[in-house]
Amino acid sequence: MGVFAGKAVIVTGGSSGIGRAAALAFAAQGANVLITGRREGPLAEVAAAHANITGFVADVADPDDAGGTIAKAVNLWGRLDVLVNNAGAGAILPLEDASAGQIASIFSVNVVGPSLLAAAALPHLAQSKGAIINISSTFGHKAAAGLSHYAASKAALEHLTRCWALELAPQGVRVNSIAAGPTESNALTGIMGLSPEAAAAIEAEEREHIPLKRRGMPDDVASWIVSLAGMRSDWVTGQVISVDGGLSVT
């Protein structure tokens, strides 16, 4: 019996990278975990890795999917204890190339989606005295050329974290954020849409600039997600914790 035995967790964007690692970590500690994503195949692969994980096709960018995601977890397990807003969108988008549609697409996933999910989850989290964990980025508070709208969306998510922490504290709901640094995943080729060659060049540059001289592994971030959701963090709320090998202080 793990420390999360009998508890219910939602991890958006749970089919790969940080989300997958977090789902497996929660499940290993006894939690029932609902992972969401837009493609059924990758969700099924993660669900097959642990009996406590269930996949559910949902798009964070679709406002109609927020209520259905929360309802799915509650219908399965009768409760909700942790919401991990992990799904993210981004682009290398110079200002001169930015369009209204591209900007809206980034904010719909990184700001609007987490807001609607948190609102739908709130009655259940208040009942369980649960937690919300928002996954931000080093670039939510560190400037970077070409990432302005992605960075701005993550800055917004970090400030939502602080505001929600104050607003929801009277209901016993804790809200924290992890600002993840460059992490080994398919984000550069998938989310950012780069070619494998361009992604490899950026990864090499990131390793050089990170003080600890390596990119993060999904488990590096997942362990902090699980920690912030657990009993040992019961007196922690409103915090943005950088897990980035020291990149944020360069």
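Ser 233 touches Arg 174, Ser 227 and Leu 228, leaving out residues up to four places away in sequence. You can find Ser 233 in the loop between helix H7 (218–229) and strand S7 (240–243). Is Ser 233 buried or exposed? Its relative accessibility is 6%, so Ser 233 counts as buried, since buried means under 20% relative accessible area. Keep in mind as you look around that this is a predicted model.

Now move to helix H5 (residues 148–168), where Ala 151 is found. Ala 151 is buried too, with a relative accessible area of 11%. Setting aside neighbours within four places in sequence, Ala 151 is in contact with Phe 139 and Gly 140.

| Residue | Where it is found | Relative accessible area | Contacts beyond four places in sequence |
|---|---|---|---|
| Ser 233 | loop between helix H7 (218–229) and strand S7 (240–243) | 6% | Arg 174, Ser 227 and Leu 228 |
| Ala 151 | helix H5 (residues 148–168) | 11% | Phe 139 and Gly 140 |

Next come the aromatic rings. A pair of aromatic rings is described by the distance of the centres and the angle of the planes. How many aromatic pairs does the count give? The count comes to one aromatic pair. The ring centres of Phe 4 and Phe 26 are 5.2 Å apart and the planes stand at 85 degrees, so this pair is edge-to-face; the label applies to planes over 60 degrees apart. Phe 4 lies in the segment before strand S1 (8–12) and Phe 26 in helix H1 (residues 17–28), so the pair ties together parts that are 22 residues apart in sequence. Both Phe 4 and Phe 26 are buried.

Let us step back to the whole protein. There are seven helices and seven strands, and from the N terminus the elements run β-α-β-α-β-α-β-α-β-α-β-α-α-β. For 250 residues, a compact globule would have a radius of gyration near 18 Å; the protein has 17 Å, which agrees. The C-alpha trace spans about 45 × 35 × 35 Å along its principal axes.

Of the 250 residues, 46% count as buried. Among contacts with a separation of 6 or more, 70% come from residues 24 or more positions apart. The accessible surface comes to about 11400 Å², and 57% of that belongs to carbon and sulfur atoms. Finally, the protein has 16 positive and 21 negative charges, whose mean positions are 9 Å apart.

Technical notes: Residues numbered from 1 in each chain as written. Predicted model: local features only at pLDDT ≥ 70, side-chain atom pairs only at ≥ 80, totals over all residues. Heavy atoms only, no water. Phe/Tyr/Trp six-rings, centres within 6.5 Å; stacked < 30°, edge-to-face > 60°. Helix = DSSP H or I, 4+ residues; strand = E, 2+ residues; numbered from the N terminus. Buried < 20%, exposed > 50% of the residue type's maximum accessible area, 1.4 Å probe, protein only. Rg over C-alpha atoms; globule rule 2.2 N^0.38 Å. Contact = heavy atoms within 4.5 Å. Areas by Shrake-Rupley, 256 points an atom, 1.4 Å probe, with all protein chains shown as cover. Lys, Arg positive; Asp, Glu negative; His and termini not counted. Charge placed at Lys NZ, Arg CZ, Asp CG, Glu CD.
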